[in-house]
Amino acid sequence: MTTPQPKSDFLRTAIARGQFHQCTDLDGLDKAALAGVTGYIGFDMTAPSLHIGNLTQIMYLRRLQQAGGKPIVLLGGGTTRVGDPSGKEEMRQLLTEEQIVRNTTSIRGTFEKFLSFGSGRSDAILVDNSEWLLPLNYLDFLRTVGRHMSVNRMLTMDSVKMRLEREQPMSFIEFNYMILQAYDFVELKKRYNCSLQMGGSDQWGNIVNGVELGRRMESFELFGLTQPLITTASGAKMGKTAAGAVWLNADMVSPYDYWQYWRNAEDADVGRFMKIFTDLSLEEIARYEALQGAEINDAKKALATEATALLHGREAASKAEEAARATFEQGVRSENLPTFDVTSAELAGMRVAAAFVRAGLVASNGEAKRHIAAGALRVNDNAVSDENATLSAGDVVDGAIKLSLGKKKHALLKVT
């Protein structure tokens, strides 16, 4: 397949950085991008933090802005009340209005770390689709929008087809999600002259629905663009660890643990992740990709530091890198490690397995015991061999106990 050669900086960058998968009209979008196109991506408020899977989309908006386009962050205050069935084998748990409001408040600040907001031509804006979805009159909506949506076409969408093939029930409220997403695109075109919807390749069907609805309802010329779904070189889902999702909020995943996630990337992923998740130039990335043997660790550290700096700031990234250097290269304790407080009373008789769960290094006591059996857990750099081992005041050194899982994951249990 011949690689397309667009003229616009945005599309050229997307292709060069491995962020191009499909486009509804490449030539048309290329012309629009040359003039400074406005594009959006929607984010539903299903959790109090976004995660690395969402970061691929945020970086897409960042590339658009860097190329002179105008990004729109669409918060799904309305669509979250329905739940996107894409990739789900069962219905999402419906959230209360209070939960959605809390999640929205918690998430909003993340976008400001990656995008410049304001009133300028290429400044990003943040919009909530509850503005137009909540006041809708159901019968009017059916007459003006529903009549343009083909049920035959909707049944062919992967989000629907997968559930039907596996004989998993799909509620009527979920079936409506793709209609609401398509309508979002039409509203954004009317309100903000937004002509481009972007997303992951799993959103292709929903995006095409929006493009076609705009054409049928208003004769709008709209464009859809997707990037590949990101997996690791070994085929694992991006942003998943033994301890759970890699969240973007610092109170859910510390800057140190975030740095460590990128530092632990597979060798084959480093260059690809640099292109997507950092602003390093392609020339710099090529130099890192040429490293061999143990020098690949230098590329991993650069990836970790640059990715962490974008989210948490350069100072936090430098502290995380220094903490890692001190811990791994010099073998000394570091106060920049994730720290978890326990009282003296709690410490007395606390099982080692429970301490590792408390520190977030493992997800359960059972997982801790499996690591103990494999010789992977250490307390103050001493291997733990007894799954029933407990901690005591004698383990406290300079006010804390160092917990280690393997060679790369560490935390301090600070006694207060």
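## A buried cysteine and its distant partner

At 0% relative accessibility, C194 counts as buried, a word that here means under 20% relative accessible area, with exposed meaning over 50% and partly exposed lying in between (1.4 Å probe, protein chains only). C23, at 18% relative accessibility, also counts as buried. This is a predicted model, in which local features need pLDDT of at least 70 and side-chain atom pairs count only at pLDDT 80 or more, while totals for chains, interfaces and linings use all residues. Residues are numbered from 1 along each chain as its sequence is written, and side-chain values use heavy atoms, with hydrogens and water left out.

A disulfide is a covalent bond between the sulfur atoms of two cysteines. If a disulfide is taken as a pair of cysteine sulfur atoms within 2.5 Å, the count comes to 0. The cysteine sulfur closest to that of C194 belongs to C23, and at 14 Å it is too far for a bond.

## Two nonpolar cores

A nonpolar core is a set of buried Ala, Val, Leu, Ile, Met, Phe, Trp, Tyr and Cys residues joined through side-chain atoms within 4.5 Å. The largest one has 61 residues, and those with the most contacts inside it are F43, L55, M198, L225, Y258 and W262. A second, separate core has 28 residues, including Y40, V82, F175 and C194.

With contact meaning heavy atoms within 4.5 Å, and not counting residues up to four places away in sequence, L225 touches several residues, among them F10, F20, C23, Y60, M198 and I207.

## Helix α19

Helices (H or I, at least four residues) and strands (E, at least two) are DSSP runs, numbered from the N terminus. In helix α19, which covers residues 365-373, the buried residues are E367, A368 and I372. Seen down the axis of α19, these buried residues fall within an arc of 145°, so they line one face of the helix; the arc is that of the directions from the helix axis to the C-beta atoms.

The buried residues of α19 pack against α18 (352-358) and β10 (377-379), whereas the face turned away from them carries the exposed residues R370 and A373. Just after α19, G375 takes a positive phi of about 75°.

## The open sheet

Strand β10 also belongs to an open sheet of 5 strands with mixed pairing, in the order β9-β13-β12-β10-β11, where two strands pair if DSSP finds at least two bridges between them. Because β9 (339-342) and β11 (382-383) stand at the edges, each with a single partner strand, one side of each is left without a neighbour in the sheet.

Strand β9 runs parallel to β13 (residues 409-415), and 4 bridges join the two. Within this pair, F340 stands opposite L413 in β13.
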